[in-house]
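Please keep the sequence and the structure in view while reading.

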Amino acid sequence: MTPEICPNCGEDVPRNARACPGCGADESTGWAEDAQQATTADLGLPDEDFDYDKFVKREFGPASPKPQGLHWFWWVLAILLLTAILLTWIL
Ligand SMILES: [Zn+2]
């Protein structure tokens with residue numbers, strides 16, 4: 001589908017031309033209407049699916065090791081405090 005007039009820049013496009021002589025738009029890059037549909041379809045759907053899932057996993061995924069680290073930290077603190085109290089009792 002080669003339009004007689006380029007919808008992108010308004011240049012006259014030869015009937016057998018595969019690309020616009022004015023702006024270089026063609027079927028592969030997409031004429032204006034096709035390009036808009038292609039870009040919205042390409043950018044819209046993958047971005048919503050990819051960003052939300054990966055963002056949630058990236059943001060909340062590392063959050064699970066943090067409580068475990070805190071637990072270990074508090075366990076070490078408690079043991080150190082107990083040993084300190086025992087040492088004060090012994091001494
Ligand atoms: Zn053009």
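In this predicted model, cysteine 20 has a relative accessible area of 4% and is therefore buried, since the cut-off for that class is under 20%. Cysteine 23, by contrast, has a relative accessible area of 37%, which places this residue in the partly exposed class.

Both cysteines belong to the metal site, where the zinc ion is coordinated by the SG atoms of Cys6, Cys9, Cys20 and Cys23 at 2.2 to 2.3 Å. Along the chain, these donors follow the spacing C-x2-C-x10-C-x2-C. The angles that the four donor atoms subtend around the zinc ion run from 105 to 113 degrees, and the arrangement is therefore tetrahedral. For reference, the ideal angle for four tetrahedral donors at a metal is 109.5 degrees.

Proline 3 lies in the segment before helix H1, which covers residues 32–60. When neighbours within four places in sequence are set aside, proline 3 is in contact with Val13 and Trp31.

Isoleucine 90 counts as exposed because its relative accessibility is 69%. This residue also contributes to a nonpolar surface patch of about 890 Å², made together with Leu82, Ile85, Leu86, Leu87, Trp89 and Leu91.

The accessibility values of the individual residues can be set side by side.

| Residue | Relative accessible area | Class |
|---|---|---|
| Cysteine 20 | 4% | buried |
| Proline 3 | 25% | partly exposed |
| Cysteine 23 | 37% | partly exposed |
| Isoleucine 90 | 69% | exposed |

For the chain as a whole, the model contains two helices and zero strands. Of its 91 residues, 10% count as buried, and the accessible surface comes to about 8,100 Å², with 64% of that area belonging to carbon and sulfur atoms.

Terms used:
Residues are numbered from 1 along each chain as its sequence is written. This is a predicted model: local features need pLDDT of at least 70, side-chain atom pairs count only at pLDDT 80 or more; totals for chains, interfaces and linings use all residues. Side-chain values use heavy atoms; hydrogens and water are left out. Patches are made of residues with over 30% relative accessible area and no salt bridge: like charges are joined within 9 Å, nonpolar side chains (Val, Leu, Ile, Met, Phe, Trp, Tyr) within 5 Å. Accessible areas come from the Shrake-Rupley method with a 1.4 Å probe; for residues, only the protein chains shown count as cover. A salt bridge is a side-chain nitrogen of Lys or Arg within 4 Å of a carboxyl oxygen of Asp or Glu. Buried means under 20% relative accessible area, exposed over 50%, partly exposed in between (1.4 Å probe, protein chains only). Donors are N, O and S atoms within 2.8 Å of the metal (3.2 Å for Na, K and Ca); water is not among the atoms, so sites may look incomplete. Four donors count as tetrahedral if all angles lie between 85 and 135 degrees; four count as square planar and six as octahedral if opposite donors are over 155 degrees apart and all others between 65 and 115; anything else is irregular. Helices (H or I, at least four residues) and strands (E, at least two) are DSSP runs, numbered from the N terminus. Contact means heavy atoms within 4.5 Å.
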